[in-house]
Amino acid sequence: MALENSVIQHTLTDQFGAAVGDFQQIHDILTFEVDSESISEVMLFLRDNATLRFNFLTTLCGMHFPDADKDRQFAVVYHMHNWVDNVRIRIKCYLGVNPEIATVSNLFLSANWQERETYDFFGIVFKGHPQLKRILNMDEMVSFPLRKEFPLEDGGRTDKDDRYFGRTTDNC
Amino acid sequence: MSDLLLPPELRYAEIIEARKNEDGSELSILNLGPTHPATHGIFQNILLMDGERIIDGEGTVGYIHRAFEKIAENRPFYQITPLTDRMNYCSAPINNMGWWMTVEKALGIEVPKRAQYLRVIVMELARIADHIICNSVLGVDTGALTGFLYVFQYREKIYEIYEEICGARLTTNMGRLGGFERDWSPLAFEKLNQLLEEFPPIWKDFEDLLTRNRIFMDRTIDVGPISAEKAISYGFTGPNLRAAGIDYDIRVMQPYSSYEDFEFNIPVGQSGDTYDRFCVRNAEVWESLSIIKQALAKLPEGPYHADVPDYYLPPKDEVYHNMEALIYHFKIVMGEVPVPVTEVYHAVEGGNGELGFYLTTDGSRTPYRLHFRRPCFIYYQAFNDMVKGQMLSDAIATLSSLNVIAGELDA
């Protein structure tokens, strides 16, 4: 592996200072946090910098942490891949109660639908996105189904009681 | 910009009106789908047409969305495999194996060599089945039904092998955490050897039928092309990206399940058009056959699953007659298994690209969050870009050669 994790870390901290942090290796991928304000610049830098060369946005998705602090309720997780040195990284952006983050669809065309999907399921608003509307769910829907408070099944069901099968709200 | 938020028919109505006033020509709106036989799945394209030429289009997806990511948050790991079957149902075993490998990575389970080789064999079989469907249906869409009927019987033979391995055919739910639920029977190997013997000449015939066929070449060359730069930006992976000339293959970049033990080539195209995609898939079938042969030749003896009693269900016979086995069976089914708090991303080379699983666990028996990187969903957004300015019949061929699987598109 030509591109060492420490190089990625130093290059980013030199450029962005406190906006990037919490670098850690989780299994095979270097993971770090980016301040949600500077995600566009960081992604652009990662893509165009001559040493880093993270040319491919593998995937992006939302996360919901209802039990966390007010300013860390949501996260957008980006996976990027450098095809030259074959290194993957994972970027996390934590967001508050009214989640808003800048779009990266101007940097990677593939982000367009993925951001729409994230908006559709988590209600995370991507500022500057050309067409931020629901994609997999119907347009009339008002809730955001992958948020934790959204129940999987109709709560009023009486024909099925999971307590008898060892499942409670805590362990299932 | 906010114009794009309107339903496309409203946007297009304005354009049609403007054109009428300008030079008197009439544009029209065409609904391709949601249930048009040529789209091979349930998704809609609203196209703005000038005669037979496509001026603009917008895709609507989500008709068979089944909320797999939400369901997965409420199911223990072994109950998520049936969900993965139903994503790319043309190559279900790849999805199954990809999911097991993700969980094994999270739990730190080492899979024995024999199980890894068996997995490689079944994944390559699935790739062949996937490419058989895609390429032969591309023939159908350009007017050649013969090739389709000719090779489809071999997809059936592949399904018979699946049946022998796991009992199911289309939605396989194959394998277990750490390997397979049982060793492959001699009959499975017999069927496999028979396939390896009979299929290559058939595939050769199929190639001969279409590859240098004048009508087929006219219908596919320079149809729906995409440049390498654009393909990367659009997140293309798999055969569609390789057709554009980039040799990105996860089996080589980040080998999993002992792919590093095998010798194979990555076929690439040049122009990224429909014909190149067809040729790349054709060539990949030959590579897959070669990998299967190598794996069979080198197949080691040994256990077919990892020795992980905490996660691997004990044999049924023992569960009935042995207290210990019964306890383990009960614990595993009820979810009393140790799960670390971690997160992993694991990608496999699926039938049509990088199939990734991003799993976050919180120590309970179900994932805290599971995100599927579905290659179809990501590259299908390029479709409108690719067909703009082309004829309607070219759009059908492009769609077909992209191998968009509705189940994977919508999750």
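Visitor: Which way do β4(B) and β5(B) pair, and over how many bridges?
Guide: This is a predicted model. In it, β4(B) and strand β5 (residues 353-361) of chain B pair in the antiparallel sense. There are 8 bridges.

Visitor: What is the bridge partner of B:Glu349 in β5(B)?
Guide: B:Glu354.

Visitor: What sheet is this part of?
Guide: An open sheet of 3 strands, in the order β4-β5-β6 of chain B, with antiparallel pairing.

Visitor: Which are the edge strands?
Guide: β4 (343-350) and β6 (367-373) of chain B. Each pairs on one side only.

Visitor: And how much are neighbouring strands turned against each other?
Guide: By 15° on average, direction ignored.

Visitor: Which helix lies across β4 and β5 of chain B?
Guide: Helix α4 (residues 92-107) of chain B. Its direction is at about 155° to β4(B).

Visitor: What angle does α4(B) make with α5(B)?
Guide: About 140°. Helix α5 covers residues 113-141 of chain B, and the two axes are 7 Å apart.

Visitor: Which residues make that contact?
Guide: From α4(B): B:Ala92, B:Pro93, B:Ile94 and B:Met97. From α5(B): B:Arg119, B:Val122, B:Met123, B:Ala126 and B:Arg127. By class, 7 residues of the contact of α4(B) with α5(B) are nonpolar and 2 are charged, with no polar ones.

Visitor: Let's zoom out. How is chain B divided?
Guide: Into domain 1 (2-60) and domain 2 (68-410). Their C-alpha centres lie 34 Å apart.

Visitor: How many residues are in contact between domain 1 and domain 2 of chain B?
Guide: 14 residues of domain 1 are in contact with 19 residues of domain 2. Strand β3 (residues 53-60) of chain B gives the most to the domain 1 side, with 6 residues. That side has 5 nonpolar, 5 polar and 4 charged residues.

Visitor: What does β3(B) pair with?
Guide: Strand β2 (residues 44-50) of chain B, antiparallel, through 7 bridges. One pair: B:Asn45 in β2(B) has B:Gly59 in β3(B) as its bridge partner.

Visitor: What do β2(B) and β3(B) form?
Guide: A hairpin, with 2 residues between the strands. In the turn, B:Gly51 has a positive phi of about 65°.

Visitor: Now chain A. What is the strand order in its open sheet of 5 strands?
Guide: β1-β2-β5-β4-β3 of chain A, with mixed pairing.

Visitor: Why do β1 and β3 of chain A each have one side without a neighbour in the sheet?
Guide: β1 (20-26) and β3 of chain A stand at the edges. Each has a single partner strand, so one side is left without a neighbour in the sheet. Neighbouring strands of this sheet are turned by 20° on average, direction ignored.

Visitor: Parallel or antiparallel: how do β2(A) and β5(A) run?
Guide: Parallel. 4 bridges join strand β2 (residues 29-34) to strand β5 (residues 87-95) of chain A. A:Phe32 stands opposite A:Ile91 in β5(A).

Visitor: Which helices lie across strands in chain A?
Guide: Among them is helix α1 (residues 5-16), which lies across β1, β2 and β5 of chain A. α1(A) runs at about 170° to β1(A). Another is α3(A), across β3 and β4 (74-82) of chain A. α3(A) runs at about 5° to β3(A).

Visitor: How many residues does each chain give to the contact between them?
Guide: Chain A gives 32 residues and chain B gives 38. On the chain A side, the elements giving two or more residues are β3 (56-64) and α3 (111-122). β3(A) provides the largest share, 6 residues. The chain A side has 17 nonpolar, 13 polar and 2 charged residues.

Visitor: Last one. What confidence does the predictor give?
Guide: An ipTM of 0.90 and a pTM of 0.92 for the complex. Chain B has a mean pLDDT of 90, and 100% of its residues reach 70 or more.

Definitions and conventions
Residues are numbered from 1 along each chain as its sequence is written. Chains are lettered from A and ligands numbered from 1 in the order in which they are written. This is a predicted model: local features need pLDDT of at least 70, side-chain atom pairs count only at pLDDT 80 or more; totals for chains, interfaces and linings use all residues. Two residues are in contact if their C-beta atoms, placed from the backbone, lie within 7 Å. Ala, Val, Leu, Ile, Met, Phe, Trp, Tyr, Cys and Pro count as nonpolar, Asp, Glu, Lys and Arg as charged, and the others, Gly among them, as polar. Two strands pair if DSSP finds at least two bridges between them. Axes are lines fitted to C-alpha atoms, for helices over the stretch in contact, and angles run from 0 to 180 degrees between N-to-C directions. pLDDT is the predictor's confidence in each residue, from 0 to 100. Domain bounds come from an automatic or database domain assignment.
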